[in-house]
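Here is a short briefing to read alongside the structure.

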Amino acid sequence: MSANRSLIVALVVSGALNLFLVGGIAGAAWMRQETRREAPAAALAQRPPLWTAGRDLPPDQRRALRRTLREAALENRADAQAARAERRAVVEAMADGRFDRAQAERRMAAARALESGVRAKVDGRLVAFAESLPAEERKVLAEGLRRVYAPRQKPRDERPERP
């Protein structure tokens with residue numbers, strides 16, 4: 001009787017473990033499918049990175065564009081980090097009760113000014129790079145920039161419904 005009872009307990013534990021594993025695998029598969037379904041909508045809301053504008057350029061010019069943009073990002077890293085720090089400081093002040101509207105507006109304005117300066121410097125480097133290209137390659141870059149700067153589409157669930 002003791003051997004039968006041990007066997008029954010082992011079978012029940014094994015069945016429960018198998019059920020748990022099958023449920024975990026099924027849940028993971030379902031979550032993966034849901035993530036794939038949501039990913040295209042999120043991707044529509046974002047613009048492609050600036051370096052993708054050069055994807056149709058010859059390989060040497062494509063590398064030169066990426067190098068130019070990478071150098072610009074490195075040169076402007078401190079200002080970009082400072083802008084993020086200003087925004088984080090405003091959020092922290094909101095969260096911990098030290099919120100002062102005037103100070104928050106000053107910090108947000110400082111963040112915008114820093115970001116605008118970074119953008120101006122990157123744009124300047126991009127224009128200088130475009131100037132160095134032959135006319136045909138400049139046209140290719142222009143087409144790429146049209147794709148990058150195209151208006152963003154909102155995900156389907158955020159678009160207003162038509163009457």
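The charged end of arginine 66 sits over the ring of tryptophan 51, 3.9 Å from its centre. This is a predicted model. The chain holds five helices and zero strands.

**Aromatic rings**
- Tryptophan 51 has the charged end of arginine 66 over its ring.
- Pairs between aromatic rings are absent: the structure holds zero of them.

**Nonpolar core**
- The largest nonpolar core has 15 residues.
- Ala53, Leu57, Leu65, Val122, Phe129, Leu141 and Leu145 touch the most other members of this core.
- Helix 2, helix 4 (101-132) and helix 5 (135-149) each supply at least two of the core residues.
- Helix 4 gives the most, with five residues.
- In soluble globular proteins, nonpolar side chains tend to be buried together.
- Leucine 141 is in contact with Ala53, Gly54, Leu57, Leu65, Phe129, Ala130 and Leu133, leaving aside its neighbours within four places in sequence.

**Helix 4 against helix 5**
- How do these two helices run relative to each other, and at what angle do they pack?
- The packing angle is about 150 degrees, and the axes of helix 4 and helix 5 are 10 Å apart.
- Angles over 145 degrees count as roughly antiparallel, so helix 4 and helix 5 are roughly antiparallel to each other.
- On the helix 4 side, the residues that meet helix 5 are Arg119, Asp123, Leu126, Phe129, Ala130 and Glu131.
- Their counterparts in helix 5 are Arg138, Leu141, Leu145 and Tyr149.
- Phe129, Leu141 and Leu145 take part in this helix 4 to helix 5 meeting, and they are also among the core residues that touch the most other members.

**Arginine 62**
- Arginine 62 lies in helix 2, which spans residues 59-75.
- Is arginine 62 buried, partly exposed or exposed?
- Its relative accessibility is 30%, so arginine 62 counts as partly exposed.
- Gly54, Arg55 and Leu57 are in contact with arginine 62, leaving aside its neighbours within four places in sequence.
- Leu57 and Gly54 are also among the contacts of leucine 141.
- Threonine 52 is 10 residues from arginine 62 along the chain, and their C-alpha atoms are separated by 9.0 Å.

**Whole chain**
- From the N terminus on, the elements run α-α-α-α-α.
- Buried residues make up 19% of the 163 residues in the chain.
- Among contacts between residues at least 6 apart in sequence, 74% join residues at least 24 apart.

Note on methods
Residues are numbered from 1 along each chain as its sequence is written. This is a predicted model: local features need pLDDT of at least 70, side-chain atom pairs count only at pLDDT 80 or more; totals for chains, interfaces and linings use all residues. Side-chain values use heavy atoms; hydrogens and water are left out. Helices (H or I, at least four residues) and strands (E, at least two) are DSSP runs, numbered from the N terminus. Buried means under 20% relative accessible area, exposed over 50%, partly exposed in between (1.4 Å probe, protein chains only). Contact means heavy atoms within 4.5 Å. Rings of Phe, Tyr and Trp (its six-membered ring) pair if their centres lie within 6.5 Å; planes under 30 degrees apart count as stacked, over 60 as edge-to-face and the rest as tilted. A charge sits over a ring if NZ of Lys or CZ of Arg is within 6 Å of the ring centre and within 35 degrees of the ring normal. A nonpolar core is a set of buried Ala, Val, Leu, Ile, Met, Phe, Trp, Tyr and Cys residues joined through side-chain atoms within 4.5 Å. Axes are lines fitted to C-alpha atoms, for helices over the stretch in contact, and angles run from 0 to 180 degrees between N-to-C directions. Angles under 35 degrees count as roughly parallel, over 145 as roughly antiparallel, 65 to 115 as roughly perpendicular and the rest as oblique.
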